[in-house]
Amino acid sequence: MAADSARTAARRRLYLVMLLRSVARRRSRVLVAILAIAIGATTLTGLATILIDIPAQLSRELRSYGANLVVVPSAESSISASAQSAVDALVGSDGLVGRAVYRYETVRINEQPWTAAGVDLAGVRAVRPYWEVTGSWPTTSQVLIGRDVATTTGLGIGSRVLLTVAGKDDKDEATAFGVSGVLDTGGAEDGFVVMSPDDLASVFGTGRGADLLEYSITRDAAGLDAVASRINDAGLDVTASPVKRLARSETTVLNTLNSLLGWVTAIVLVLVTITVATTMMAVVTERRTEIGLKKALGAGERSIAADFLGEGLLLGAVGGLLGGVLGLGFAELVSLQVFGRSVGADWWLVAAAVVVSLVISGIACLLPVRRAMRVEPAIVLRGE
Amino acid sequence: MFWRMVTRALLRQRGRRALIAVTVALGVCLSTALLAVMLDVGDRVNAELKAYGANIVLRPRTAAVVGDLYGDLGENASGGSLKESELTRIKTIFWAYNILDFAPFLSAEVSVRPGGAADATRAEAVGTWFDKRLDLPTGETADAGMRALRSWWDIQGAWADDRDPASVMVGSKLAADSGITVGQQLELGYRKATAKLTVAGIFDAGSDEDGQVFLPLASLQKLTGRTGQVGWVEVSALTTPDNDLARQAAQDPETLSAREWETWYCTAYVSSISYQLEEVIDGSVAKPVRQVADSEGVVLAKTQLLMVLITAMSLLAAALGIANLVTVSVMERAPEIGLLKAIGASDRAVVALILTETGIIGLIGGLVGYLAGLGLAQVIGQAAFGSAVGFSPALIPVMALFVVLVILIGSLPAIRLLLSLKPAEVLHGR
């Protein structure tokens with residue numbers, strides 16, 4: 001019994017010594033093999049991380065097209081502050097990119113009527129990133145004027161503008177504002193005078209609420225429909241509707257981009273796997289002589305296979321771990337470069353990369369070993 | 001003698017040589033496919049983003065200023081108009097091929113009376129081209145119309161037909177309010193004129209358009225007596241994302257130097273295409289729709305950068321993979337090289353032999369891989385975009401250079417090792 005276990009221990013020690021010696025002696029080949037596996041694992045982890053992360057990131061990017069859910073008053077009224085917060089609560093903060101409140105009034109500049117819009121400026125910048133402002137965004141007692149307003153009235157950045165409204169008893173009341181910038185959107189806003197809600201309230205009073213609530217949410221068409229019907233069913237006297245044009249187009253574009261990246265990733269992975277396997281096979285194939293020698297010395301097929309498999313798995317584990325970590329680094333780099341946002345490091349993917357590397361290097365080792373073992377030791381040793 | 005050795009080596013150890021050729025082929029296949037897709041991805045994604053609608057709107061100069069402000073200026077104030085006869089010129093500008101689609105629009109407030117009903121409702125009628133074949137001054141034909149510019153519309157029934165002046169489409173809200181159904185007769189009234197039309201389809205646009213009726217442009221022109229006039233034109237163009245030059249030009253093209261101006265004019269910026277459109281359509285102002293044009297630029301730039309990084313990563317992986325295998329395959333021939341050296345081969349002869357062999361294998365593998373890569377690019381194009389990926393001749397020299405460099409670099413460490421071999425030691429099996 002004791003002799004048996006001592007022999008097993010000795011054999012185990014011999015196995016380990018052979019394995020380590022084999023790795024240490026053939027340093028350059030081992031390096032090549034580890035490098036091959038690490039490259040494969042880097043690509044695997046990097047691309048997989050990007051692929052998992054991309055739909056959310058792209059969906060966020062597509063939000064630059066503007067709000068995809070709008071809420072307007074049902075009747076000829078406006079949305080009160082309490083209704084606004086009720087709607088906010090129904091929309092929730094999940095996936096919310098931005099929210100903006102708009103209140104429209106008519107003002108006159110040089111006796112010409114224009115639309116004045118009171119908007120919370122931080123909100124509108126999040127919801128409508130495409131608003132192009134020459135000059136700066138307004139602060140207190142300042143306004144943005146649309147390009148058409150600027151062209152017609154001849155006002156520019158830095159000039160003073162008198163906004164006239166009909167006050168009590170049809171007497172005109174004029175308020176002076178500074179022009180901080182010119183707004184260019186190519187849409188209806190080119191004819192607007194934009195200011196903060198407080199400034200608009202100082203001219204028109206706080207009597208009316210908002211005319212329009214805009215939400216930019218990273219959700220698909222079905223998700224938006226659900227939110228809209230939730231708001232419509234809440235009995236708030238408002239009508240919510242998804243902006244169909246954006247919701248529908250976003251689905252189309254996202255599907256296309258995702259399938260593009262999916263296909264690219266799949267193809268890269270298959271080809272890289274094959275390349276890694278061929279390199280491993282080449283590394284093992286050149287050791288036919290060694291296999292022949294072992295066989296001549298009386299080693300069984302199993303023990304030879306175990307030798308090579310052990311070595312392959314060792315290389316696979318080291319290369320896979322190295323590549324997995326490098327791959328996460330690559331994904332992080334890409335995400336920072338492209339989207340300016342970091343990816344959550346998913347250590348499961350590194351584990352998966354190690355497992356895949358083990359499997360590939362194991363198979364790639366065993367195939368040539370099996371072929372080599374079919375050969376007569378004498379022939380191999382003679383060098384043919 | 002040299003060539004006999006090369007051919008023998010290639011023919012005798014077919015298995016191992018094939019392994020290298022296969023790896024080179026795989027690497028080149030991958031690189032070719034990704035490069036081809038990368039070079040093309042801008043146009044493809046841009047085309048996909050066209051689903052968001054027009055990115056340039058042409059308005060009459062007089063209306064561009066008062067435009068949307070007054071909404072209804074009353075029936076007499078048309079606010080200026082463009083000429084329908086000039087529209088084909090849109091397809092003759094410098095960037096004509098980048099104009100994917102365009103459609104003219106003319107609107108008027110009309111009364112809508114469903115057949116059999118006594119009461120009429122007021123609604124905005126929009127005349128347009130739905131899907132029209134145009135004969136260009138150049139003798140070619142082109143398709144234009146709003147169908148592609150409203151890809152998100154849900155249609156019940158069918159699209160109205162430009163060739164059938166009596167067809168009309170009704171918005172879902174208007175249809176629900178007035179009880180209009182597909183196939184019903186509809187009478188449109190404008191001042192004293194009336195027109196009898198048949199409802200071809202009911203559309204759900206999810207916007208204000210749901211309260212409008214759309215009919216062929218010619219029919220509305222006839223009804224309102226504004227023959228040959230167009231209110232505005234929506235244009236969908238493939239554009240390059242804006243940079244500083246484009247922004248400066250958008251402010252005022254006159255501030256550019258002659259050279260800058262030429263660069264700007266000959267690049268498909270949204271501002272230069274707008275400028276060219278203004279040149280060909282009399283009395284028009286072309287405005288980029290920032291919501292679409294800018295967002296397009298953002299998404300496009302990010303997608304392209306993403307593809308560039310992924311491609312770079314894959315090229316690197318492919319290159320390292322190939323170089324790796326070349327290194328191994330050269331190393332395993334140590335005994336053979338030792339023998340050659342022992343019988344008096346010079347270092348130079350050994351290097352020439354190995355490089356020639358590897359080069360031939362690499363080229364064969366590279367050629368196969370290149371062809372397979374082109375095929376693979378088409379597979380990706382079909383799967384992702386449903387259309388073929390363009391063939392870029394520039395890829396041939398690039399891939400040839402890639403293969404040669406990778407094989408040379410892959411051989412270098414191995415060759416250095418082989419040259420330092422002592423024949424006696426190698427032959428002894430150490």
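A salt bridge is counted here where a side-chain nitrogen of Lys or Arg lies within 4 Å of a carboxyl oxygen of Asp or Glu. In this predicted model, K244(A) and D154(B) form such a contact, with their closest N and O atoms 2.9 Å apart. Because K244(A) belongs to helix α8 (residues 244-285) of chain A and D154(B) to strand β7 (residues 154-157) of chain B, the pair joins two chains. K244(A) counts as buried, since its relative accessibility of 13% falls under the 20% limit for that class, whereas D154(B), at 33% relative accessibility, counts as partly exposed.

**Salt bridges within and between the chains**

| Pair | N to O distance |
|---|---|
| K244(A) and D154(B) | 2.9 Å |
| R113(B) and E187(B) | 3.3 Å |
| K302(B) and E61(A) | 3.6 Å |

The side chains of K302(B) and E61(A) meet in a salt bridge at 3.6 Å, N to O. As K302(B) is placed in helix α9 (residues 290-331) of chain B and E61(A) in helix α2 (residues 27-62) of chain A, this pair joins two chains. K302(B) is partly exposed at 22% relative accessibility, while E61(A), with a relative accessible area of 9%, is buried.

The salt bridge between R113(B) and E187(B), with closest N and O atoms 3.3 Å apart, links strand β3 (residues 99-114) and strand β9 (residues 185-190) of chain B, and it therefore ties together parts that are 74 residues apart in sequence. In this pair R113(B) is partly exposed, with a relative accessible area of 27%, and E187(B) counts as buried at 17% relative accessibility.

Beyond these pairs, a network of salt bridges links five residues, namely E132(A), R147(A), D184(A), R290(B) and D294(B).

**A nonpolar surface patch on chain B**

Turning from charged to nonpolar side chains, L401(B), V404(B), L405(B), L408(B) and I409(B) form a nonpolar patch on the surface, and together they have about 450 Å² of accessible area. One of these residues, L405(B), has its place in helix α12 (residues 395-419) of chain B.

Technical notes:
Residues numbered from 1 in each chain as written. Chains lettered and ligands numbered in written order. Predicted model: local features only at pLDDT ≥ 70, side-chain atom pairs only at ≥ 80, totals over all residues. Heavy atoms only, no water. Patch = residues over 30% accessible without salt bridge, like charges linked within 9 Å, V, L, I, M, F, W, Y side chains within 5 Å. Areas by Shrake-Rupley, 256 points an atom, 1.4 Å probe, with all protein chains shown as cover. Helix = DSSP H or I, 4+ residues; strand = E, 2+ residues; numbered from the N terminus. Buried < 20%, exposed > 50% of the residue type's maximum accessible area, 1.4 Å probe, protein only.
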